[in-house]
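Thanks for coming, everyone. I'd like to walk you through one structure today, so please have a look at the screen.

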Amino acid sequence: MQLLELGWTPRFAEDCQTLFPQLLPGRVSAEFRGGYRLLSPDGDFTAKIDGKIRHAAATRRDYPAVGDWVAYSTNDGVTATIHGILPRANCVVRRAAGRDVSEQIIGANIDTMFLVNALNSDFNVRRIERYVALALESKTRPVILLNKADLCLDLAEKLHELEPVVAGIAVHVISAIRNDGLDALAPYLTAGQTIAVVGSSGVGKSTLINALLGENRQATGEIRESDNRGRHTTTYRSLVPLPAGALLLDTPGMRELHLWTNEDLGETFADIKALAQRCRFADCRHDSEPGCAIRSALGTELDTARLNNYQKLEREVAFIERKTNVRAQAEEKKRWKTIHKQARQQSKRKLKG
Ligand code: GDP
Ligand code: ZN
């Protein structure tokens, strides 16, 4: 595939020229145990990271992820060594499963995120709001897809409910199973565009993806790769070319996203932030403080459910930040322990020597 078809932009070209002038650019299309799959104009490669990346890596973010542009070299034209990651235009991260809070990149360099929601009894404006927040905070373009239009008898009502929540964001009504309304998605699916599909279980993501894949349906199938010990590991192709030209980024976890962000929610809740500016106290918690602009706007300018959703998201972000801080502090402590230990060993050696 050509660079432009793979999503190459002038910015990547410039960064690659500056940072890795001697190396070739490739895009990570799959990740599996012990390795990566790369797509590039010079072919497809099974790739490993070099020791420098491994040693310098402090967090998961320092390793390549699906969608990343990387700089590689190859000796045999079949396997490649990754020497660096080009600065990401964006990335979608999530809280890894379990009690442990650590972030995991589930995709990088995504242009558009299809936020799929069903127009049946599952329809939930608050959930759509959360997905929009997630897309914006991940610096990708959100596009809301309202699926199962064939089941919906009160479309106008639902759209009316949604309108104030998603000002300025594209909304398309579709029926994936009937192939209805999918033509309107063509502008997002041109060559070089990278798209991801997210949404709750059962809303029709797989049906939509299959419809977009058309004849290429089998392309989402398993592929087998050899890891560094020659064992075969099963993996999924995660960057799949669609007939329309775009690339579908579909990693495990991408379809079901959880909120993971350290950034503030100002962009999605600009109205609430603006109101908060007018509270009498700068540290107003919008509880029962006198002169609270948010409280007084409730029921008129501001919907209670929207405020509740905002506060819930804010608590969630605060929780993640606290956990991350605790973890960062623990890591810092550990780091210094090692430094002290090395210093002691060195001074001992000096004394002996
Ligand atoms: P996913 O969990 O989001 O991947 O959802 P699926 O694609 O597996 O779809 C869940 C169910 O909804 C399946 O039974 C689909 O056939 C059905 N479905 C998907 N799209 C539509 C649609 O546009 N209309 C109707 N009526 N059903 C749909
Ligand atoms: Zn207030």
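Let's start with Lys-158, which counts as buried at 13% relative accessibility; buried means under 20% relative accessible area, exposed means over 50%, and partly exposed is in between, all with a 1.4 Å probe and protein chains only. Its side chain meets that of Asp-154 in a salt bridge, 2.9 Å from N to O. By a salt bridge I mean a side-chain nitrogen of Lys or Arg within 4 Å of a carboxyl oxygen of Asp or Glu. Asp-154 is partly exposed, with a relative accessible area of 28%.

A word on the source: this is a predicted model, where local features need pLDDT of at least 70 and side-chain atom pairs count only at pLDDT 80 or more, while totals for chains, interfaces and linings use all residues. Residues are numbered from 1 along each chain as its sequence is written, chains are lettered from A and ligands numbered from 1 in the order in which they are written, and side-chain values use heavy atoms, with hydrogens and water left out.

Back to the salt bridges. How many does a search of the whole structure find? Six. One of them joins the side chains of Glu-129 and Arg-306, at 2.2 Å from N to O. Glu-129 sits in helix 3 and Arg-306 in helix 8 (residues 304–352), so this pair ties together parts that are 177 residues apart in sequence. Helices here are DSSP runs of H or I with at least four residues, numbered from the N terminus. Are these two partners buried or exposed? Glu-129 is buried, at 1% relative accessibility, and Arg-306 is buried too, at 8%.

Now compare the pair Arg-285 and Asp-287, whose closest N and O atoms are 3.6 Å apart in their salt bridge. Arg-285 counts as exposed at 57%, and Asp-287 as partly exposed at 44%. There is also a network: salt bridges that share partners join Glu-129, Asp-271 and Arg-306.

Ten of its 13 residues are buried, so helix 3 is largely enclosed by the rest of the structure. Among them are Val-125, Ile-128, Tyr-131 and Leu-134. At the start of helix 3, a side-chain oxygen of Asn-124 comes to within 3.0 Å of the backbone nitrogen of Arg-127. After the helix comes Lys-139, with a positive phi near 65°.

Last stop, ligand 1. Which residues are closest to ligand 1? Asp-150, Gly-202, Lys-205, Ser-206 and Thr-207, out of 15 that surround it, where near means a heavy atom within 4 Å. Helix 5 (residues 205–213) gives the most to this shell, with three residues. An oxygen atom of ligand 1 is 2.6 Å from a polar side-chain atom of Thr-207. For Lys-148, a side-chain N or O atom lies 3.0 Å from a ligand 1 oxygen. The protein covers 71% of the 580 Å² of accessible area that ligand 1 has on its own, by the Shrake-Rupley method with a 1.4 Å probe.

Methods:
Helices (H or I, at least four residues) and strands (E, at least two) are DSSP runs, numbered from the N terminus. A polar contact is a pair of N or O atoms within 3.5 Å; within protein, one must be able to donate a hydrogen and the other to accept it, and residues adjacent in sequence count only if both atoms are side-chain atoms.
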